[in-house]
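Here is a short report on one model.

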Amino acid sequence: MCRLLLLPLALATLTLMTADTSAAEKDARVYEMRVYYAPPGKLDALNARFKNHTLKMFEKHGLTNVGYFVPVDNKENKLVYFISAPSKAARDKALQAMGADADWKKAVAESEKDGKLVSKMESRFLTATEYSPLLKVEKGTEERVFELRTYTATKGNLGHLNDRFKNHTIKLFAKHGMTNLIYWNVLAGEKGADDTLIYLLAHKSKDAAAKSFDAFRKDPDWLAARKASEEKGGGSLTVEKGGVVSEFLVPTDYSPLK
């Protein structure tokens with residue numbers, strides 16, 4: 001009799017533990033994606049400053065280095081990178097402290113003695129979606145190319161777009177040889193929070209990516225999922241012009257994620 005009474009309690013405890021485990025696995029950090037544009041001839045110096053100084057300064061002041069990349073076709077002298085912090089407030093506090101750090105001021109002054117290393121900067125604050133894999137910041141077992149994809153949803157359809165990725169797309173990506181790394185929406189309150197999905201994939205190469213996407217787009221399961229989601233959303237889930245933007249990236253030699 002005692003065992004029978006304890007059974008519901010044990011089951012309830014197990015359910016609670018499972019729920020707690022799932023909650024603990026949710027990535028609650030705030031990510032920042034930054035894009036730096038270097039003046040002509042300055043990208044190497046900018047990378048050198050990151051490699052020798054910036055990453056250490058970020059860590060010193062409580063920021064986590066995630067990944068540092070340059071586009072495969074880098075016509076604009078870009079450096080694309082991701083850092084994370086427990087919250088946006090923590091990120092703001094960290095950068096403020098870093099800006100006042102004497103070692104950082106010295107590094108900037110020395111690196112810019114022949115001119116500024118950044119002509120333009122873009123920043124977006126991101127949070128992992130509920131269906132995103134937990135990002136493992138590590139080096140792959142083989143060399144790989146990364147693909148940064150940005151989707152802009154049609155009005156009111158970000159939820160439907162996320163549902164399609166959650167229930168269908170990421171599984172089909174994996175089926176066709178693509179590695180799902182992380183999926184983000186823009187942080188609430190920021191521009192794009194109601195219509196933007198940004199994610200990172202990894203491929204063996206650009207050619208491998210092309211073959212994977214070709215097979216994916218012909219997959220009957222994808223065609224059915226796309227049709228059903230667009231019927232529910234009242235049409236295409238992404239805007240016609242610039243709704244899907246893809247950029248292939250390669251990691252720098254100092255990037256934690258490779």
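Leaving aside its neighbours within four places in sequence, which residues is Arg91 in contact with? They are Glu32, Arg34, Leu63, Ala85 and Phe125, where contact means heavy atoms within 4.5 Å. This is a predicted model, in which local features need pLDDT of at least 70, side-chain atom pairs count only at pLDDT 80 or more, and totals for chains, interfaces and linings use all residues. Residues are numbered from 1 along each chain as its sequence is written, and side-chain values use heavy atoms, with hydrogens and water left out.

Arg91 sits in helix H3 (residues 88-99). Arg91 counts as buried because its relative accessibility is 13%; buried means under 20% relative accessible area (1.4 Å probe, protein chains only).

Eight antiparallel strands close into a barrel, ordered S1-S3-S2-S8-S5-S7-S6-S4. Twist averages 35° from one strand to the next. H3 packs on the sheet and touches these strands:

| Strand touched by H3 | Residues |
|---|---|
| S1 | 30-37 |
| S3 | 78-85 |
| S4 | 120-128 |

The direction of H3 makes about 45° with that of S1. Elsewhere, six bridges join S6 (residues 179-186) to S7 (residues 196-203). Two strands pair if DSSP finds at least two bridges between them. Asn185 stands opposite Leu197 in S7.

Helices H2 (residues 43-60) and H4 (residues 102-111) pack at about 160°, axes 11 Å apart. H2 is therefore roughly antiparallel to H4, a term for angles over 145 degrees. Their contact includes Arg49 and His53 of H2 and Asp103 and Trp104 of H4. Its residues divide into four nonpolar, three polar and three charged.

Key:
Helix = DSSP H or I, 4+ residues; strand = E, 2+ residues; numbered from the N terminus. Buried < 20%, exposed > 50% of the residue type's maximum accessible area, 1.4 Å probe, protein only. Axes fitted to C-alpha atoms, helices over the stretch in contact; angles between N-to-C directions. Parallel < 35°, antiparallel > 145°, perpendicular 65-115°, else oblique. Nonpolar A, V, L, I, M, F, W, Y, C, P; charged D, E, K, R; others polar.
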